[in-house]
Amino acid sequence: MEPPRVQRRPADGKQDVRRLSAAGLAVRVAGTVAALGVLAYGQVADTNDLFPLGTLSQFATPRDLDGTVRSTYLLADTATEQGRRIPMNDRTIGVARAEVEGQLQRILDNPGLMQSLVDGYAALGPGREPIETLYLMRSIQQLEDGYVVGEPEEVELLRWDSTAEED
């Protein structure tokens, strides 16, 4: 094992300063310009697709204290159970809740995409009972002064009968 290296000061007492090379400076300037360019594009395009350099607009506006809160969730029917809530996460269906909510209109326009959630559920839990019907649901809660009031309104957005073949 080598002893730690000791930094020695020059004999004249001045600090030994290493200057950045022209290539090193060019790389740093190019990286800074690229990051600022992506950040500017994210602002102009109003997109969060380039996270962490997007707008993060979901945090930019306050919530209406007398408005509503909408939450998307999944229910499933199996051969033995009806209306079981399925967690929307990458460990259960293969994608995160934010992905489902971010692609919600695309899923509604193309209901066949629900089969990928059914398939993900089956692949990630081989011992689980297969989903026969999957429901994409929305819960709507009313707020008053920032507090939830009343019972949530439950709305079925989409129903998908699985096309997966039984083993």
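Biologist: What share of the contacts in the chain with a separation of 6 or more comes from residues 24 or more positions apart?

Modeller: This is a predicted model in which residues are numbered from 1 along each chain as its sequence is written, and side-chain values use heavy atoms, with hydrogens and water left out. Local features need pLDDT of at least 70 and side-chain atom pairs count only at pLDDT 80 or more, whereas totals for chains, interfaces and linings use all residues. A contact means heavy atoms within 4.5 Å, and among the contacts with a separation of 6 or more, the share from residues 24 or more positions apart is 54%.

Biologist: What is the order of the four strands in the open sheet?

Modeller: Strands of a sheet pair through backbone hydrogen bonds, in either a parallel or an antiparallel way. Two strands are taken as paired if DSSP finds at least two bridges between them. Here the pairing is antiparallel, and the order in the open sheet is β2-β1-β3-β4.

Biologist: Why is one side of β2 and of β4 left without a neighbour in the sheet?

Modeller: The order of the open sheet is β2-β1-β3-β4. One side of β2 and of β4 has no neighbour because both stand at the edges, each with a single partner strand.

Biologist: What is the average twist from one strand to the next?

Modeller: Axes are lines fitted to C-alpha atoms, for helices over the stretch in contact, and angles run from 0 to 180 degrees between N-to-C directions. From one strand to the next in this sheet, the twist averages 35°.

Biologist: Over how many bridges do β3 and β4 pair?

Modeller: β1 and β2 pair in the antiparallel sense over three bridges, with Ala76 facing Arg84 of β2 as its bridge partner. β1 and β3 also pair in the antiparallel sense, over ten bridges, and Val69 stands opposite Gln141 in β3. For β3 and β4, where Tyr135 has Arg159 of β4 as its bridge partner, the number of antiparallel bridges is eleven.

Biologist: Which residue in the turn between β3 and β4 has a positive phi?

Modeller: β3 and β4 form a hairpin with two residues between them. In that turn, the residue with a positive phi, of about 55°, is Asp145.

Biologist: How many of the twelve residues of β3 are buried?

Modeller: Buried means under 20% relative accessible area, exposed over 50%, and partly exposed in between, with a 1.4 Å probe and protein chains only. In the chain of 167 residues, 25% count as buried. β3 is largely enclosed by the rest of the structure, because its buried residues number ten.

Biologist: Which residues is Leu117 in contact with, leaving aside its neighbours within four places in sequence?

Modeller: Leu117 is one of the buried residues of helix α4 (residues 114-124), and what covers these buried residues includes β1, α2 and β3. Beyond its neighbours within four places in sequence, Leu117 is in contact with Leu74, Ile93, Val95, Val100 and Leu134.

Biologist: What separates Arg97 and Glu101 in helix α2?

Modeller: A salt bridge is a side-chain nitrogen of Lys or Arg within 4 Å of a carboxyl oxygen of Asp or Glu, and the side chains of Arg97 and Glu101 meet in one at 3.6 Å, N to O. Arg97 is partly exposed at 32% relative accessibility, and Glu101 is partly exposed at 33%. Because they are four residues apart in helix α2, their separation is about one helical turn.

Biologist: What is the N to O distance between Glu156 and Arg159?

Modeller: Glu156 is partly exposed, with a relative accessible area of 39%, and Arg159 is partly exposed at 47%. Their side chains meet in a salt bridge, with an N to O distance of 3.2 Å.
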